[in-house]
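Here are a few friendly notes to read alongside the structure. Keep the 3D view open and find each residue as we get to it.

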Amino acid sequence: MNVMAEIEQRVSRIRDEMVRLRRDFHRHPETGFCENRTSRIIAGYLRDLGMEVREGVGKTGVVGVLRGAAPGRTLMLRADMDALPIQEKSSSPYRSANPGVMHACGHDGHMAILLGAACVLAGMKGRLRGQVKFVFQPAEEGAGGARKMIEDRALEDPRVDAAFGLHLVTALPCGTLGWGKGTVMAAMDSFVLKVTGRSGHSSMPEDGVDAIRASARIVDDLHALNTVNNESDTQSLINIGAIRGGEAANVIAEEVELSGTVRTLNPKAKAFAKGAMHRIVGRVTGEFGAGFDLDYREGYPPVVNDGEMTDLLCRVAGDVPGVDGLLELPPLMASEDMAFYLREVPGCFFFLGAGNPEKGLTRPLHSSEFDFDESALPVGAALFAGLAASLPGME
């Protein structure tokens, strides 16, 4: 029996187990760096498969190592564990039992897929060379858990030679594989802007400096950058996500705080966005006679896929039952902290379709009604296992 046929056979045996795991994770979601129950279950599962296991990596992360029958390269397969602070709106039997917390981004599925791949590969370790490192990472949703994992030597002992990760998306039909080479997802930075004016009575606006009016102009002018530059190599996406200011309806606001994100695909675009923000804020506050403090914070780098690793993914996908077409995607302005791993080692981050309009499974990521077609779980597990069996130096 060839390797891919054996993988298919082994995956078919654990389909129900992957669904059970996914639904358990979904029912008991935990936010970033609080994935204590989740990590205990994962660590126990990997130990039962006979793996070397490290817990508490990057605070709540788990790393399992499977050693093949002969020396070779080390492949890292990664899943994120954290849920979002969202109140789930669902009547499903596996809906969240944790009020105000929900797996609305498919991470429950990512964990089930990676545990499925671990189970398959543990049963085939006599056919593997090298090592497979299963990385279950906390706090992907904005807190940069990947960076903490790297600081805690997740890429060492043994040193990782290549890395792969996936993301389930309902925007693609179940089984469709979305891929890209080079920059596939944007860098994401954040900022906090404080605009300071001078308070006064609302009946005498000439005696004050209205921080709210100045801020409103800044919001409009910053958002205008998104349309001016969306077809150039300085494309950026600036979003104001929160505004706080003012104390009373009849008082001119003295201070307003705006916070948001900046997404860019290359260093030139990032430099342009930062410079344009400072120019706009400085010009507008100057016109109003206001002051400002702009705190710009570097965040996630862009996700950059290695060409050779992406070619390997596409070759493996052609042999995996359930993969229903490969679709090359343009760079996305969304961000992912898989970027930190791919900055250190070559690899590929890809998307696996899990949408199904006939079942009503089309809600977008981060929706309070998000769910996905669980038929994608065995496809993802077979892809991961196939990559481990096919990476040069691990066959």
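The points below walk through a strand, a lysine, an alanine and some backbone details.

1. Before anything else, please remember that this is a predicted model. Every value below is computed from it.

2. Let's begin with strand β16, which covers residues 347-355. Nine of its nine residues are buried, so the rest of the structure largely encloses this strand. In a regular strand, side chains alternate between the two faces of the sheet. You can follow both faces of β16 here: Gly 347, Phe 349, Phe 351, Gly 353 and Gly 355 belong to one side, while Cys 348, Phe 350, Leu 352 and Ala 354 belong to the other. Both faces are covered.

3. Which strands pair with β16? Strand β6 (residues 177-179) runs antiparallel to β16, and two bridges join them. Here Leu 177 has Leu 352 of β16 as its bridge partner.

4. Next, have a look at Lys 133 in strand β4 (residues 129-137). Is this lysine buried or exposed? Lys 133 is buried, yet it has no salt bridge. The nearest side chain of opposite charge is that of Asp 157, 6.9 Å away. A salt bridge would need the charged atoms to be within 4 Å. What the side chain of Lys 133 does reach is the backbone oxygen of Ala 154, at 3.1 Å.

5. Most residues other than glycine have a negative phi, and most peptide bonds are trans. Asp 157, although not a glycine, has a positive phi of about 55°. A cis peptide bond joins Asp 157 to Pro 158, with omega about 0°. Pro 158 is also placed in the loop between α5 (145-151) and β5.

6. Phe 33 is another residue to check for its backbone angle: its phi is positive, near 65°, and it is not a glycine. You will find Phe 33 in the loop between α2 (15-27) and α3 (36-48). With 18% relative accessibility, Phe 33 counts as buried.

7. Finally, return to strand β5 and pick out Ala 171. Its relative accessibility is 74%, so Ala 171 counts as exposed. Ala 171 and Thr 60 are 111 residues apart in sequence, and their C-alpha atoms are 30 Å apart in space.

Notes:
Residues numbered from 1 in each chain as written. Predicted model: local features only at pLDDT ≥ 70, side-chain atom pairs only at ≥ 80, totals over all residues. Heavy atoms only, no water. Buried < 20%, exposed > 50% of the residue type's maximum accessible area, 1.4 Å probe, protein only. Helix = DSSP H or I, 4+ residues; strand = E, 2+ residues; numbered from the N terminus. Pairing = 2+ DSSP bridges. Lys, Arg positive; Asp, Glu negative; His and termini not counted. Polar contact = N/O pair within 3.5 Å; in protein donor to acceptor, adjacent residues only side chain to side chain.
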